[in-house]
Amino acid sequence: MSIETLSGQSEKAYALLKEDAQKILNLIEVQMTNLTMPQCPLYEEVLDTQMFGLSREIDFAIRLSLIQEEEGKQLLDQLEKQLSALHEACLRENKKA
């Protein structure tokens with residue numbers, strides 16, 4: 001396999017992972033807007049499942065050498081920070097109630 005082909009596949013793999021990460025980020029943003037997570041454990045479970053699925057996709061891409069481990073870690077770290085912000089917002093909202 002040529003370097004150019006491998007580079008193209010790596011770029012495509014990273015772009016696909018970023019798309020999946022953006023979908024999860026959209027879910028997080030909807031929750032932050034509505035702050036309904038404490039009343040909707042099913043939503044939290046869906047979000048956890050999506051995060052787990054993305055982590056498995058990233059691990060697979062790393063094992064195939066399509067992306068660097070650091071790139072995958074950055075994607076997950078960004079989403080985990082957003083999840084943390086969502087949980088903090090929900091806690092603040094619960095204290096108000």
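Author: Happy to! A nonpolar core is a set of buried Ala, Val, Leu, Ile, Met, Phe, Trp, Tyr and Cys residues joined through side-chain atoms within 4.5 Å. Buried means under 20% relative accessible area, exposed over 50%, and partly exposed in between (1.4 Å probe, protein chains only). This is a predicted model, where local features need pLDDT of at least 70 and side-chain atom pairs count only at pLDDT 80 or more, while totals for chains, interfaces and linings use all residues. Residues are numbered from 1 along each chain as its sequence is written, and side-chain values use heavy atoms, leaving out hydrogens and water.

Reader: Which residues touch the most other members of the largest nonpolar core?

Author: In general, nonpolar side chains tend to be buried together in soluble globular proteins. Here the largest such core has 19 residues, and Leu17, Ile24, Ile28, Leu54, Ile58 and Leu79 touch the most other members. At least two of its residues come from each of α1 (3–34), α2 (41–63) and α3 (69–96). Helices are DSSP runs (H or I, at least four residues), numbered from the N terminus.

Reader: What is Leu54 in contact with, beyond its neighbours within four places in sequence?

Author: Contact means heavy atoms within 4.5 Å. With those neighbours set aside, Leu54 meets Leu17, Asp20, Ala21, Ile24, Leu76 and Leu79.

Reader: And how much of the protein chain is buried?

Author: Of its 97 residues, 27% count as buried. By comparison, Lys18 lies in helix α1 and is partly exposed, at 45% relative accessible area.
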